[in-house]
Amino acid sequence: MKRVILITGGAGFIGSHVVRRFVRTYPEYTIVNADKLTYAGNLGNLADIGNEPNYLFRKTDIVDRQAVEALFGEFRFDGVIHLAAETHVDRSITSPDEFIYTNIIGTVNLLKAFRETTPVNDVKKLFYHVSTDEVYGSLEQGGFFTEQTSYDPRSPYSASKASSDHMVRAFGNTYGMPFVISNCSNNYGPNQFPEKLIPLTINNIETMKPIPVYGKGENIRDWLYVEDHAAAIDVIFHSGTPGETYNVGGDNEWKNIDLVLLLCRIMDEKLGRRAGSSRELITFVTDRAGHDLRYAIDSSKLQKELGWKPSVTFEQGLGLTVDWYLANRKWMDTIISGEYSKYYEEMYGNR
Ligand code: NAD
Ligand code: TYD
């Protein structure tokens, strides 16, 4: 079936994997990628599909209402998969404003434009909001986040994502706009900006810089390979029930320090360095303010209802990820020039 699908934030980490998957798997769809190209957006992430006939890019700031209206004037979208966001918790702590603008106001601009250009109650015309498990807050040692867990966001990032989830549901309930939401755990894989733990650690090991571990490294995250998240987004978009929420996770909890130690071992081996040399780079630094202790997702609803499950083990996924970063040094060098160096100095310079 011919469809025109808007994917926002397609030049970012997860968005680029989603755009590639949709462009390649559904040649009958036209995929429009709308992205502002912030520091986190990089069209190089899509170089291999940039010239495909069913792919179009429109540089768009979703905060700019007129730009959003112009985009929805140019195309009649049959569906929206919304990933564009400010995504880094540490940045949200030092400057929350962009998170409010992009994640809340940007989402509302998209909702309004989609509603105004789409017949209500056409269940095939879905607004899909890609969200995070961080909206649920912080878990102690036991239990998992389910779709019934109450929202308890604790950082400006997670509060802005929780707000946007609420706005999506509000548009669904108030105006009859068909929507789905998924809340996913931490992703890792190729093309992730090196402000996040895994690519930052890989880069710092390769370049022999200190590896900053916040606090005592006791915080726990549930890691999922990015391609498996893209596969979940595909199945939820096509087969999810409108109005429903799906949790996506890897059932793969790691304490930060154990994960960093594992990466050190893998990197020593891959780089042919003396066993134990990378771990000497580990540096415990001041903890993140309000640092959530643990995230862990129960994804059984998605597994049972839609048949999704992760396709790679953590060992396989980390291996693929490390290999990709080592083979793509140029990508990293481009990313860490300029703005990144300034950020890194401000973030870690005096810790
Ligand atoms: P990212 O930071 O790598 O990419 C975000 C993209 O959004 C970039 O391409 C950026 O240019 C674009 N963008 C930012 N502001 C914009 C604006 N005003 N207008 C248009 N485009 C804008 O993010 P990511 O890690 O790929 O995350 C994508 C989505 O998935 C986000 O909504 C995030 O909340 C969600 N998510 C991420 C994770 C994770 O572990 N990374 C986990 C669960 C959910
Ligand atoms: P991050 O990749 O920023 O994802 P999130 O905060 O969305 O979970 O961080 C993952 C975990 O790693 C989190 O507990 C914070 C920690 N962390 C460090 O210990 N050092 C670092 O340099 C970074 C970026 C994160």
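1. In E6, Tyr128 has Val180 as its bridge partner. Six bridges tie strand E5 (residues 126-132) to E6, and the two run parallel; strands count as paired if DSSP finds at least two bridges between them. Strands (E, at least two residues) and helices (H or I, at least four) are DSSP runs, numbered from the N terminus.

2. A caveat before going on: this is a predicted model, where local features need pLDDT of at least 70 and side-chain atom pairs count only at pLDDT 80 or more. Residues are numbered from 1 along each chain, and side-chain values use heavy atoms, with hydrogens and water left out.

3. E6 also pairs with strand E10 (residues 245-248), again parallel, through four bridges. Here Ile181 sits opposite Thr245.

4. Six of the six residues of E6 (residues 179-184) are buried, so the strand is largely enclosed by the rest of the structure. Buried means under 20% relative accessible area (1.4 Å probe, protein chains only). Phe179, Ile181 and Asn183 point one way, while Val180, Ser182 and Cys184 point the other.

5. E5, helix H5 (residues 156-175) and E6 form a right-handed β-α-β unit: with the strands pointing away from the viewer, the path from the first strand over the helix to the second runs clockwise.

6. Now Arg3, in strand E1 (residues 3-8). Arg3 is buried yet lacks a salt bridge (a Lys or Arg side-chain nitrogen within 4 Å of an Asp or Glu carboxyl oxygen). The nearest side chain of opposite charge, Asp78, is 5.6 Å away.

Conventions. Chains lettered and ligands numbered in written order. Buried < 20%, exposed > 50% of the residue type's maximum accessible area, 1.4 Å probe, protein only. Lys, Arg positive; Asp, Glu negative; His and termini not counted.
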